[in-house]
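Please examine the sequence and structure shown here before reading on.

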Amino acid sequence: MKISVIGCGYLGAVHASAMAELGHDVIGIDVDAAKIAMLAAGRPPFFEPGLPEVLTSAMASGRLRFSSDIADAAGARVHFVAVGTPQKPGSYAADLTYVDAAIESLLPHLNSGDLVVGKSTVPVGTATRLAGVVEESGRGASLAWNPEFLREGFAVQDTISPDRLVYGVPEGEAGTHATALLNEVYAAALSADTPLVVTDYATAELVKVAANAFLATKISFINAMAEIAEVTGADVTQLADAIGYDARIGRRFLNAGVGFGGGCLPKDIRAFTARAEELGRGESVAFLKEIDGINLRRRKRVIDLAVSALGGSAYNKKVAVLGLSFKPHSDDVRDSPALDVAVQLRGLGANVVATDPQAIENSRARHPQLTYSTDITETLTGADAVVLVTEWPEFKGIDPAWAKTLVRTATIIDGRNTLDAAAWRAAGWNYTSLGRP
């Protein structure tokens with residue numbers, strides 16, 4: 001099938017490459033000419049494991065190409081809209097400027113029977129509004145909503161072999177047509193018995209934000225328990241293990257630490273809160289404000305622990321920060337707890353030296369005032385304290401005895417509760433983590 005993907009950022013570039021790898025004829029379109037040039041040269045503009053290989057393979061097959069001209073979408077039967085929905089400045093609400101612009105620019109190039117498919121995360125009610133825009137264009141096209149559930153670091157796998165598919169479609173014949181087209185797009189996944197939910201627009205929109213809200217709630221719950229553990233002497237990791245054996249709860253996302261970040265969870269739960277208030281049901285998700293508050297408190301807690309370990313003042317002390325991306329196997333620093341911790345420590349007068357396997361350039365673009373190093377040895381040498389805030393394998397595998405020979409003071413704050421506390425203490429380190437004795 002011929003497919004267009006409008007928006008070639010993180011979501012769109014992965015989706016376009018994966019769809020071509022699955023055998024579809026795909027045109028990826030973006031207004032950013034520099035981004036298109038990189039993709040056309042086989043170079044993703046961001047780090048995502050597995051994407052360079054899939055991108056190269058798909059382009060070599062002739063099934064994938066990129067363009068900055070929206071007119072090149074003409075002739076595709078299915079048009080995926082995968083542009084960003086950032087948080088509005090000065091507001092919790094989602095900014096739908098890019099979604100609206102993508103739809104408007106696409107309209108003149110639609111043919112009868114075409115399907116426009118939203119993949120962006122949007123406030124509930126957006127799909128119904130945009131379906132009206134598509135219908136009123138008189139082009140004979142229709143709209144569906146097909147939320148994405150990608151995990152950064154596993155996005156290619158999650159696109160090619162998703163754990164579920166959700167279609168939000170209109171009623172009647174248009175919905176039947178939309179379902180049939182999407183079934184053709186996702187034939188490989190459906191043949192592998194991937195669960196499929198076909199529903200209405202509003203439910204499809206809510207599935208994505210509800211999933212993110214639940215995950216954020218689970219993470220902040222265990223971080224709230226870490227706060228209690230710290231004043232009672234309990235071990236939050238053992239607590240998580242114990243309650244995680246309950247099949248109703250499960251162990252995943254019960255890892256206490258510096259909290260969640262990235263381009264999805266923080267802004268999506270804020271947008272969900274804003275939309276609920278617009279609908280007159282703000283009280284239904286009022287708890288999400290506390291979830292957000294708990295999450296931000298964990299960043300401050302790591303900073304407070306570091307300052308305390310430095311004798312009450314970070315001024316003129318060298319602090320080695322291990323990690324900048326919001327999670328390992330990603331170069332994404334949007335709302336990154338790790339980068340936030342580094343910036344705040346720098347604001348307290350610390351001489352921060354930060355390292356990360358992939359996220360240094362993105363961090364430098366946002367915060368050039370920090371000192372960055374690509375070398376762990378250089379980062380650790382002469383440090384008065386070490387703060388681990390992203391659990392990259394490279395950091396988890398550091399030999400504590402070797403590291404002790406480099407630092408000025410053997411003090412480490414494990415902001416992800418990921419290191420072997422006994423091993424580090426045995427090597428002579430003053431080791432502190434979150435919610436553990």
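The lining of the largest cavity has eight nonpolar, two polar and three charged residues; Ala, Val, Leu, Ile, Met, Phe, Trp, Tyr, Cys and Pro count as nonpolar, Asp, Glu, Lys and Arg as charged, and the others, Gly among them, as polar. The model is predicted, with local features needing pLDDT of at least 70 and side-chain atom pairs pLDDT 80 or more, while totals for chains, interfaces and linings use all residues. Residues are numbered from 1 along each chain as its sequence is written, and side-chain values use heavy atoms, without hydrogens and water.

**The largest cavity**
- A cavity is a set of points on a 1 Å grid over the protein atoms alone where a 1.4 Å probe fits but cannot get out, and its lining residues have an atom within 4 Å of a point.
- Of the 13 lining residues, Val 122, Pro 123, Val 209, Ala 271 and Phe 272 lie nearest the centre.
- α11 supplies the largest share of the lining, five residues; helices are DSSP runs (H or I, at least four residues) numbered from the N terminus.

**The packing of α9 and α11**
- The two helices, α9 and α11, pack at about 115 degrees with their axes 9 Å apart; axes are lines fitted to C-alpha atoms over the stretch in contact, and angles run from 0 to 180 degrees between N-to-C directions.
- α9 is therefore roughly perpendicular to α11 (65 to 115 degrees).
- In the contact (heavy atoms within 4.5 Å), residues of α9 including Val 209 and Ile 219 meet Leu 265, Asp 268, Ile 269 and Phe 272 in α11.
- By class, this contact of α9 with α11 has ten nonpolar, one polar and two charged residues.

Terms used
On a 1 Å grid over the protein atoms alone, a cavity is a set of points where a 1.4 Å probe fits but cannot get out, and a pocket is an open set with protein on both sides within 12 Å along at least five of seven lines; lining residues have an atom within 4 Å of a point. Angles under 35 degrees count as roughly parallel, over 145 as roughly antiparallel, 65 to 115 as roughly perpendicular and the rest as oblique.
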